Amino acid sequence: MGWLSKIFKGSNHEVSEGDYNWRYEDNTAPYGNYPSTSWDPRSEIDDIDRAIAISLAEEDGRGKHVISDDYQLKEDEQLARALQESLKVESPPRHRYGNRNGNGNMYQPISFPYSTGFRVCAGCNYEIGHGRFLSCMGAVWHPECFRCHACNQQIADYEFSVSGNYPYHKACYKEHYHPKCDVCKHFIPTNAAGLIEYRAHPFWAQKYCPSHEHDGTPRCCSCERMEPRETSYAALNDGRKLCLECLDSSVMDTSECQPLYYDIQAFYESLNMRVEQKIPLLLVERQALNEAMDGERNGHYHMPETRGLCLSEEQTISTVLRRPRIGMGNRVPDMRTEPYKLTRRCEVTAILVLYGLPRLLTGSILAHEMMHAWLRLQGYRTLSQDVEEGICQVLAHMWLKSQIAFISSSNTSSATSSRQGKRSPFDKKLAEFFKHQIESDMSSVYGNGFRAGNQAVLKYGLPSTLEHIRLTGSFPF
């Protein structure tokens, strides 16, 4: 009879968002606590029901699983029925105006249309009656009906997780909702503060462990993606890594780049900005590009990794003569170069572009450097870095937009290689990425210069913007 001491103790149910602590409990009456000046046998019956449930839960809740004891359960139910029969007496009439507590609050009499022992399982929708049950997530359940939304197995642990009003085993929740690294495919670990910390690419929406930025994990030099561990890369001679999707449309030698060069010239002609002089275009290795940049007496501002250069001085440049063969392990073993002597016939001696980049990236670099050449050949004054690099980025951005429009209008249902005259489905995404790079550049010269130049072109048009630059050396506002 130890359970009688529990009759007037309320239930205690703790819930926290995302992770719940639960145990076996008594039913909580939904009507609240209404004090009365008269004795209410129905209320006491409910208290007895609640006390029985609490007592049974405490006795059997000491272990992790519910163990039914039919004999003990039957004896408890018989005892409860006997108490209920003994308490079936007439209730004295209630005060006409209700009752006041010590604070003067009014409590009106309340009627119970049915016994508060009536409980419906949220899992099977059958009555629980006087059997054991769980009270959690704002409902009551048969223990065997409280199941994981992922694996549909019974949740018998004392802790579980919740997502979208569905319960989960903690392990199932982690499997479904804890982020995994796109590189190593493991769960992203928590940091010292217990929080999940990962790196995310702003365009490709990749998630990866912070450690991969320092553990030698390769990254494509073109699209900047980190591929999964088992993915192969093409290793270029100068140490760069190229993913196989970017390799598919890569431009590897000077002769292969000439058709693209003609496309860029046609693009400038469509803007009424024809380049009359014949300017050599050379694809070069990284070392040759850096040496040529050092040889320029009046060098322009360059990004930390230069991928294109417009030359004004006479130099001898080592250019990539033949497309390299991709050998074992996707390596490039037979790079062939030859020296090319530049002769100064005008303000521009050559345009250099780094070899091994996808066609769309090569084209945007070429469009940028072509604008440098056009400004010099048109006799523009020496411009500030942000104005000159900004307007060059505007032209590269405009060319990428034209390519995106062309790819969208063409038939891209076939994954035919872009070397055969068609664009692969990946090309449009790649063009959008290079366009995004220009738009989101945070550097003061290239980024801010582009945004100021692009705003001027959108407002006044390209011809008026260029004329304003010629007269004032700045963008119109």
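Mentor: Before we look at this predicted model, one cut-off is needed: a residue counts as exposed when its relative accessible area is over 50%, and as buried when that area is under 20%, with partly exposed in between.

Trainee: OK, so is Asn272 buried or exposed?

Mentor: Asn272 has a relative accessibility of 74%, so it counts as exposed.

Trainee: And where does Asn272 sit?

Mentor: Asn272 belongs to the loop that runs between helix 5, residues 254-270, and strand 13, residues 281-284.

Trainee: What about the phi of Asn272?

Mentor: The phi of Asn272 is positive, at about 60°, although the residue is not a glycine. As background, most residues other than glycine have a negative phi.

Trainee: Which loop holds Glu224, and what is its phi?

Mentor: Glu224 is placed in the loop between strand 9 (207-208) and strand 10 (233-235), and, without being a glycine, Glu224 has a positive phi of about 70°.

Trainee: How accessible is Glu224?

Mentor: Glu224 has a relative accessible area of 30%, and therefore it is classed as partly exposed.

Trainee: Switching topic, where is Ala456, and is it buried or exposed?

Mentor: Ala456 is part of helix 10, which covers residues 446-460, and because its relative accessibility is 2%, Ala456 counts as buried.

Trainee: What does Ala456 touch?

Mentor: Leaving aside residues up to four places away in sequence, Ala456 touches Gly461, Thr465, Phe475 and Pro476.

Trainee: And how far is Ala456 from Phe477?

Mentor: Their C-alpha atoms are separated by 6.4 Å, with Ala456 and Phe477 lying 21 residues apart along the chain.

Note on methods. Residues numbered from 1 in each chain as written. Predicted model: local features only at pLDDT ≥ 70, side-chain atom pairs only at ≥ 80, totals over all residues. Heavy atoms only, no water. Helix = DSSP H or I, 4+ residues; strand = E, 2+ residues; numbered from the N terminus. Buried < 20%, exposed > 50% of the residue type's maximum accessible area, 1.4 Å probe, protein only. Contact = heavy atoms within 4.5 Å.
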